[in-house]
Amino acid sequence: MALISLEEAKQYLRVDTEDEDAMIAILLSSAGRLCADVARLSDEKWAAVDNDDKDATLVSVRETMRVAILYALGYMFEHREDADHHELTLRLRSLLFGIREGVV
């Protein structure tokens, strides 16, 4: 199970039809990967965060990642034509500061 389902994403974006499901799914995947990269999560840690594992140590990371992913998704959805990815990345760094992994 993914951290955010397509239905949750559509509800967040206030999209009622199925016309844009494919695009929303792509943006959702991109937002998740972007947030994982900004948070400097390894592939293993991201997989643990993104699945349905009941690990209590990941609860706060999941909550923070959900907010960041929804923010990134909303930004990319609304700014499809004129997205400023540098601005988006800076905002995500601020949102994810508390869970960012150190550079090895």
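1. Read along the sequence, this predicted model follows the pattern α-α-α-α-α, with 5 helices and 0 strands in the chain.

2. On overall dimensions, the C-alpha trace spans about 40 × 30 × 20 Å along its principal axes. The radius of gyration of the chain is 14 Å, which agrees with the value near 13 Å that a compact globule of 104 residues would have.

3. On how the chain is packed, residues 24 or more positions apart account for 66% of the contacts with a separation of 6 or more, and buried residues make up 35% of the 104 residues.

4. The largest nonpolar core has 31 residues, and those with the most contacts inside it are Met65, Ile69 and Leu96. At least two residues of this core come from each of α1 (6–13), α2 (21–38), α3 (43–50), α4 (59–78) and α5 (85–96), while the largest share, 10 residues, is supplied by α4.

5. Which residues does Ile69 touch, if those up to four places away in sequence are not counted? Its partners are Leu3, Ile4, Leu28, Ala31, Gly32, Cys35 and Trp46, and Ile69 is also among the residues with the most contacts inside the largest nonpolar core.

Notes:
Residues are numbered from 1 along each chain as its sequence is written. This is a predicted model: local features need pLDDT of at least 70, side-chain atom pairs count only at pLDDT 80 or more; totals for chains, interfaces and linings use all residues. Side-chain values use heavy atoms; hydrogens and water are left out. Helices (H or I, at least four residues) and strands (E, at least two) are DSSP runs, numbered from the N terminus. The radius of gyration is taken over C-alpha atoms; the globule rule is 2.2 Å times the number of residues to the power 0.38. Buried means under 20% relative accessible area, exposed over 50%, partly exposed in between (1.4 Å probe, protein chains only). Contact means heavy atoms within 4.5 Å. A nonpolar core is a set of buried Ala, Val, Leu, Ile, Met, Phe, Trp, Tyr and Cys residues joined through side-chain atoms within 4.5 Å.
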